[in-house]
Amino acid sequence: MSAPLVIPYFIPHQGCPHQCVFCNQSIITGRRGRIDLDEIETLIQEYLSFKGQRRRVEFAFFGGNFLGLPRERQIDLLDRVKPWVDRGAIQSIRCSTRPDTVSRETLDLVQPYGLDLVELGVQSMDNRVLEQAERGHTREDTLAAVRVLRERKMKIGVQVMVGLPGDTRASVLETAGVLAGLKPDLARIYPLLVLAGSKLARWYASGAYLPLSLEQAVVQVKAMLEIFNGAGVPVIRMGLQAGEMMEDPGQMLAGPWHPAFGHLVHSALMLDRACNAVDTLIREGRGAGSIQLRVHPKSLSRLQGNKKGNFEKLAARYPGLVLGFSTDASLAPDEITAAFA
């Protein structure tokens with residue numbers, strides 16, 4: 001079944017009790033100023049016009065702390081979407097929110113409107129890291145939120161970051177392990193960027209904070225991806241979406257930004273798998289000289305890597321071998337096989 005059509009509506013920084021050290025939602029979302037409720041109707045009509053063959057449509061409130069909004073504000077927003085749910089044009093509503101705003105009372109308000117998926121802005125499961133990021137919530141708040149959402153049989157998403165102040169590779173992997181063990185329905189992973197107007201920007205300017213390099217971020221996110229994959233948790237996004245503001249050095253000051261960050265991560269993972277396949281074949285020693293690597297057609301670009309960089313890395317690692325590459329539609333996505341030619 002094809003992925004649903006998601007209609008994203010951003011409420012930058014709305015409902016947030018304060019600004020975390022890394023946050024500047026107006027840059028991330030490309031929106032500034034107050035919310036215009038009339039935009040929702042126009043947005044829905046625009047997205048439905050290119051629904052295509054997709055059977056499911058979801059409306060998403062992103063960019064702020066939805067369940068932290070005043071009750072009247074939540075109702076105003078949901079009232080604009082519910083008629084579309086009632087007539088079957090939209091099948092469900094989702095929102096992103098802080099873990100510490102999830103409660104039975106807040107869910108009592110939103111569930112009747114068809115809101116059935118809550119994405120938690122977890123960021124980290126290390127209380128020390130959360131404190132340095134001035135999140136204002138704890139690991140325990142996330143665990144409590146998951147319990148309440150499970151009790152209500154609602155779907156759960158988790159959003160996490162790499163490169164937070166005080167974070168380490170070990171704490172990043174622990175975060176992924178704990179969250180994967182909770183079996184959320186989906187996950188998103190974001191490398192931390194230094195955005196103008198944030199407290200982190202001042203720390204960066206003074207030398208108090210050093211962002212991850214692009215290579216470091218790819219390595220850490222790849223490790224997290226493997227943990228989530230191993231638990232059967234789909235990671236639906238890695239890295240922020242491209243936009244004009246993200247390409248503006250006056251707005252995005254530093255950090256591991258790349259417009260195709262997710263592709264870099266998948267390519268790095270595919271390179272690992274290719275090396276493992278070749279190493280296994282060499283150890284078995286059933287042939288010599290030329291090796292053929294095969295992947296599913298949809299995974300060929302991941303095997304190639306960014307600007308075919310994986311081919312160059314494989315050639316450098318195995319200078320005595322002739323490596324060939326081909327596709328095989330019978331393989332599973334991201335599966336790779338190696339055989340002597």
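Visitor: In which loop does D334 lie?

Guide: This is a predicted model. In it, D334 belongs to the loop that runs between β11 (322–327) and β12 (336–340). The phi of D334 is near 70°, a positive value in a residue other than glycine.

Visitor: Is D334 buried or exposed?

Guide: A residue counts as buried when its relative accessible area is under 20%. D334 has 19% relative accessibility, so D334 is buried.

Visitor: What is the phi of K308, and where is K308 found?

Guide: K308 has a phi near 60°, again a positive value in a residue other than glycine. Its place is the loop between α11 (300–304) and α12 (309–317). With 48% relative accessibility, K308 counts as partly exposed.

Visitor: Let us turn to the helices. How does one check the length of helix α3?

Guide: One compares an expected span with the distance between the end C-alpha atoms. Helix α3 covers residues 71–86, and at 1.5 Å a residue its 16 residues should span 22 Å. The end C-alpha atoms of α3 are 21 Å apart, which agrees.

Visitor: Where does the kink in α3 lie?

Guide: The kink, of about 35°, is at R80, shortly before the proline P83. Just after α3 comes G88, which takes a positive phi of about 85°.

Visitor: Which residues of α3 are buried, and what do they pack against?

Guide: The general idea concerns the helical turn. An α-helix has 3.6 residues a turn, so residues three or four places apart point the same way. In α3 the buried residues are R73, Q74, L77, L78, V81, W84 and V85. These residues pack against the strands β1 (5–10), β2 (57–62), β3 (92–97) and β4 (115–123), as well as the helices α2 (38–48) and α4 (104–110).

Visitor: How does helix α7 read by the same steps?

Guide: Helix α7 comprises residues 169–181; its 13 residues should span 18 Å at 1.5 Å a residue, and its end C-alpha atoms are 18 Å apart, which agrees. S171, V172, T175, A176, L179 and A180 are buried in α7. Their cover includes β4, α5 (127–132), α6, β5 (155–162) and α9 (214–230). After α7 comes K183, with a positive phi near 55°.

Visitor: How many salt bridges does the structure hold?

Guide: Side chains of opposite charge can pair when their charged atoms come close. The structure holds 17 salt bridges. One of them joins R104 and E151, with the closest N and O atoms 2.9 Å apart. R104 lies in helix α4 and E151 in helix α6 (residues 139–151), so this pair ties together parts that are 47 residues apart in sequence. R104 is partly exposed at 41% relative accessibility, and E151 is partly exposed at 44%.

Visitor: What of the salt bridge between E119 and R188?

Guide: In that pair the closest N and O atoms are 2.6 Å apart. It links distant parts of the chain, as E119 is in strand β4 and R188 in strand β6 (residues 186–191), 69 residues apart. E119 is buried, with a relative accessible area of 0%, and R188 is buried, with 10%.

Visitor: Finally, how is the chain as a whole to be read?

Guide: The protein chain has 12 helices and 12 strands. Its radius of gyration is 22 Å, close to the 20 Å that the globule rule gives for 341 residues, so the chain is as compact as a globular protein of that length. Along its principal axes, the C-alpha trace spans about 70 × 50 × 40 Å.

Visitor: What share of the residues count as buried?

Guide: Of the 341 residues, 50% count as buried. The accessible surface of the chain comes to about 15800 Å², and 50% of that surface belongs to carbon and sulfur atoms. Among contacts with a separation of 6 or more, 81% are between residues 24 or more positions apart.

Notes
Residues are numbered from 1 along each chain as its sequence is written. This is a predicted model: local features need pLDDT of at least 70, side-chain atom pairs count only at pLDDT 80 or more; totals for chains, interfaces and linings use all residues. Side-chain values use heavy atoms; hydrogens and water are left out. Helices (H or I, at least four residues) and strands (E, at least two) are DSSP runs, numbered from the N terminus. The expected span of a helix is 1.5 Å times one less than its number of residues. The bend at a residue is the angle between axes fitted to the seven residues ending there and the seven starting there. Buried means under 20% relative accessible area, exposed over 50%, partly exposed in between (1.4 Å probe, protein chains only). Contact means heavy atoms within 4.5 Å. A salt bridge is a side-chain nitrogen of Lys or Arg within 4 Å of a carboxyl oxygen of Asp or Glu. The radius of gyration is taken over C-alpha atoms; the globule rule is 2.2 Å times the number of residues to the power 0.38. Accessible areas come from the Shrake-Rupley method with a 1.4 Å probe; for residues, only the protein chains shown count as cover.
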